[in-house]
Amino acid sequence: MMNMKKIWMDGNLVEWDNATVHILTHTLHYGLGVFEGIRCYETDKGPAVFRLKEHVDRFYCSAHILQMDIPYDKDAITNAIKETIKANDLKECYIRPIAYLGYGAMGLYPKDNPVKVSIAVWPWGAYLGEKGLNEGIRVKVSSFTRHHVNVSMTKAKVCGSYVNSIMAKMEAVSSGYDEAVLLDTEGYVAEGSGENIFIVRGGVLKTTSLTSILEGITRDSIIRIAQNEGIEVYEQRFTRDELYIADEAFLTGTAAEITPIREVDARPIGDGRPGPITKKLQGTFFDIVRGKRQDYEPWLSYIS
């Protein structure tokens with residue numbers, strides 16, 4: 001993250017190296033905080049943030065679920081995101097807003113600890129690698145299970161919840177794979193460590209229902225793109241062995257974008273290469289985020 005200049009912290013742009021918190025910051029110890037992952041892409045009209053409104057809305061929904069009152073309204077956070085991108089002179093970047101409980105009482109009841117908000121941006125290429133985007137990745141079904149809906153609030157993007165994902169990712173990488181796929185508590189395919197998952201069988205697109213997974217904004221985008229392209233889409237549970245015999249499979253997420261899966265647990269998916277529906281959806285997605293599809297223009301928020 002060399003050459004980054006500013007981070008927005010509680011209403012002010014501060015120098016990158018000065019964007020620090022106290023060691024007794026409550027969220028650092030207990031994990032009660034929420035965050036977002038957003039991307040800004042270079043277009044012919046300048047930098048544009050993809051589905052900014054939806055990401056900001058989800059940020060506030062996550063905070064609401066955790067009973068955190070963000071001390072800024074949505075317009076203020078939206079403007080702060082744009083301001084931070086401009087302050088760092090970036091044409092493309094990843095955007096990380098975070099709301100966390102600051103210094104104050106320790107222990108599991110945070111009492112009157114202040115809710116603090118920061119926004120950082122930085123250049124971030126393909127999360128799972130350019131080769132992964134083009135040729136597909138190898139994934140492993142994890143021994144770690146996706147959170148139960150009544151154990152962790154699965155519709156909130158909670159800082160502490162990602163410990164489970166980190167463990168799954170570490171296990172997969174240490175076993176020679178690129179990414180993990182987690183099952184839910186009943187044994188059905190849930191999602192990746194930080195991505196939603198889709199499969200294709202017989203020309204039909206299927207993705208996990210929203211029971212225990214995060215409401216992915218890229219996931220929603222792909223469903224809507226597929227429907228507009230005349231591809232049949234179902235949101236329903238599917239099993240690990242159905243994933244094994246899929247014709248195609250791919251992951252979606254702000255960081256991962258649209259990443260094909262070429263292998264699961266040493267089993268090739270289809271012919272072991274990205275399939276035609278995956279490539280079609282991936283191509284359309286990248287045309288949209290780069291401002292080449294006027295029919296999806298409302299999804300872009302330009303940085304003027």
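I count helices (H or I, at least four residues) and strands (E, at least two) as DSSP runs, numbered from the N terminus. The model is predicted, so I take local features only at pLDDT of at least 70 and side-chain atom pairs only at pLDDT 80 or more, while totals for chains, interfaces and linings use all residues. Residues are numbered from 1 along each chain as its sequence is written, and side-chain values use heavy atoms, with hydrogens and water left out.

**Entry: surface**

I looked up Leu-108. Leu-108 sits in the loop between strand 6 (93–101) and strand 7 (115–122). Leu-108 is exposed, with a relative accessible area of 73%. My cut-offs are under 20% for buried, over 50% for exposed and partly exposed in between (1.4 Å probe, protein chains only).

Leu-108 also belongs to a nonpolar surface patch of about 740 Å², together with Ile-23, Leu-24, Leu-28, Tyr-30, Tyr-103 and Met-106. Patch residues have over 30% relative accessible area and no salt bridge; like charges are joined within 9 Å, nonpolar side chains (Val, Leu, Ile, Met, Phe, Trp, Tyr) within 5 Å. A salt bridge is a side-chain nitrogen of Lys or Arg within 4 Å of a carboxyl oxygen of Asp or Glu.

**Entry: pockets**

I used a 1 Å grid over the protein atoms alone: a cavity is a set of points where a 1.4 Å probe fits but cannot get out, and a pocket is an open set with protein on both sides within 12 Å along at least five of seven lines; lining residues have an atom within 4 Å of a point.

The largest pocket has a volume of about 760 Å³. I found 42 lining residues, with Phe-35, Lys-157, Tyr-162, Ser-193 and Gly-194 nearest the centre. Helix 5 gives the largest share, 6 residues. By class I get 16 nonpolar, 18 polar and 8 charged.

The second largest pocket holds about 410 Å³. Its lining has 17 residues; Val-21, Thr-27, Ile-98, Tyr-100 and Ser-118 are closest to the centre. Strand 1 (6–9), helix 1 (26–30), strand 6 and strand 7 each give two or more residues to this lining. The classes are 12 nonpolar, 4 polar and 1 charged.

**Entry: cavities**

How many cavities of 30 Å³ or more are there? I count 2.

The largest cavity has about 40 Å³ of space. Strand 4 (residues 38–43) gives the most to its lining, 3 residues. Other names on the lining list include Phe-50, His-55 and Phe-285.

The second largest cavity has about 30 Å³. Asp-184, Thr-208, Ser-209, Thr-211, Ser-212 and Arg-237 line that cavity. I find no nonpolar residues there, 4 polar and 2 charged.

Terms used: Accessible areas come from the Shrake-Rupley method with a 1.4 Å probe; for residues, only the protein chains shown count as cover. Grid points are joined across faces, edges and corners, and a volume is the space filled by probe spheres set on the points. Ala, Val, Leu, Ile, Met, Phe, Trp, Tyr, Cys and Pro count as nonpolar, Asp, Glu, Lys and Arg as charged, and the others, Gly among them, as polar.
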